[in-house]
Amino acid sequence: SVQRLQAVLPLLLHPKAEQALVVGLGFGTTTGSMATCGMLKKIDTVELIPGLIEAMPLFSAYNNDVAELPGSELHLGDGRHYLAAPPHNYDIIATNLTDADLPGSASCYTREYMLLAQRHLNPQGLFLLHYFGNNQNRDIILKTVASVFPHHEAFRAYKHSFYLVASKEPLNWNAKLVDQRLKRYPALARQARKAGVPNGKALRALRRFSEKEIKAIAARPELPLNTDDLPVVEY
């Protein structure tokens with residue numbers, strides 16, 4: 001349900017997303033849910049480990065047979081390298097990786113990675129980051145994202161975990177607009193129910209940090225930024 005939430009969340013917030021990039025395949029649930037929501041024309045997924053791509057048929061019951069879905073393309077490679085020169089820009093870029101302090105995935109939680117993502121987002125595009133960890137590192141990540149994207153909100157995923165959604169444009173949404181989108185896209189509504197978000201009120205209840213709260217955290221001078229040259233979260 002948490003991986004489905006990662007797929008559903010940006011589709012509920014973006015007014016007209018058509019193309020998405022997922023960095024990190026996992027069990028394929030996020031990509032599979034996105035591809036079957038009836039909104040996206042194209043979804044690219046980049047995965048570093050060859051065995052994960054090969055194993056996707058084993059989890060077809062959970063990922064909607066992601067390797068065979070129309071519009072879904074799996075790419076073997078490093079997600080950050082892929083973002084350095086993608087074939088086109090995206091409406092949604094979702095980072096579906098492990099903890100921000102682990103070698104390898106840590107490089108996708110630095111300011112430079114976020115700048116890469118920002119450069120390859122279409123107008124009104126959304127950047128989504130899955131964060132898990134302690135409060136000190138959490139605040140550093142929030143400040144780092146806020147240094148790149150002027151608008152942001154965070155939504156609860158599971159214990160000590162949240163999805164941070166950021167954009168160059170204001171995140172103008174409310175429960176009524178979410179309900180309208182769910183009614184318009186029945187396939188999205190089905191995935192949203194599986195993710196525990198049957199309506200706009202349920203999504204509003206998942207809000208963990210508002211934009212105002214994130215800006216207050218980002219304003220704390222003692223917090224450093226997480227950068228390639230000083231990856232404080234990893235070390």
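**View A. The buried residues of helix H6 are covered by elements that include strand S1 (19–23), helix H5 (79–84), strand S4 (90–95), S5 and H7.** The model is predicted: local features require pLDDT of at least 70 and side-chain atom pairs pLDDT 80 or more, whereas totals for chains, interfaces and linings use all residues. Residues are numbered from 1 along each chain as its sequence is written, and side-chain values use heavy atoms, without hydrogens and water. Helix H6 spans residues 111–119, and its buried residues are Tyr113, Met114, Leu116, Ala117 and Gln118 (buried: under 20% relative accessible area; exposed: over 50%; partly exposed: in between; 1.4 Å probe, protein chains only). Helices (H or I, at least four residues) and strands (E, at least two) are DSSP runs numbered from the N terminus. Tyr113 of this helix also belongs to one aromatic cluster with Phe127 and Phe149.

**View B. Helices H7 and H11 come within 8 Å of each other, axis to axis.** Helix H7 comprises residues 135–146 and helix H11 residues 211–218; their axes cross at roughly 100 degrees (lines fitted to C-alpha atoms, for helices over the stretch in contact; angles from 0 to 180 degrees between N-to-C directions). The two helices are therefore roughly perpendicular (65 to 115 degrees; under 35 is roughly parallel, over 145 roughly antiparallel, the rest oblique). On the H7 side the contact (heavy atoms within 4.5 Å) involves Asp139, Leu142, Lys143 and Ala146, and on the H11 side Ile214, Ile217 and Ala218. Five of these contact residues are nonpolar, none is polar and two are charged (nonpolar: Ala, Val, Leu, Ile, Met, Phe, Trp, Tyr, Cys, Pro; charged: Asp, Glu, Lys, Arg; polar: the others, Gly among them).

**View C. Seven aromatic pairs are found in the whole structure.** In the pair of Tyr131 and Phe162, the ring centres are 5.5 Å apart and the planes lie at 40 degrees, so the pair is tilted (rings of Phe, Tyr and Trp, its six-membered ring, pair with centres within 6.5 Å; planes under 30 degrees apart are stacked, over 60 edge-to-face, the rest tilted). Tyr131 lies in strand S5 (residues 121–132) and Phe162 in strand S7 (residues 161–167), 31 residues apart, and their pair links distant parts of the chain. Tyr131 is buried at 1% relative accessibility, and Phe162 is buried at 3%. Phe162 also pairs with Phe209, edge-to-face, with 5.9 Å between the centres and 80 degrees between the planes. This second pair likewise links distant parts of the chain, from Phe162 in strand S7 to Phe209 in strand S8 (residues 207–209), 47 residues apart. Phe209 is buried too, at 7% relative accessibility.

**View D. Leu13 belongs to helix H1 (residues 2–13).** With 9% relative accessibility, Leu13 is buried. Beyond its neighbours within four places in sequence, Leu13 contacts Leu126, Phe155, Val165, Trp173, Arg181 and Leu203. Leu13 and Leu177 are 164 residues apart along the chain, while 8.9 Å separates their C-alpha atoms.

**View E. Thr31 is part of helix H2 (residues 29–35).** Thr31 is buried, at a relative accessible area of 0%. Its side chain makes a polar contact of 2.8 Å with that of Thr45 (N or O atoms within 3.5 Å; within protein, one able to donate a hydrogen and the other to accept it, with residues adjacent in sequence counted only if both atoms are side-chain atoms). Residues up to four places away in sequence aside, Thr31 touches Val22, Leu25, Ile43, Thr45, Val66 and Ser72.
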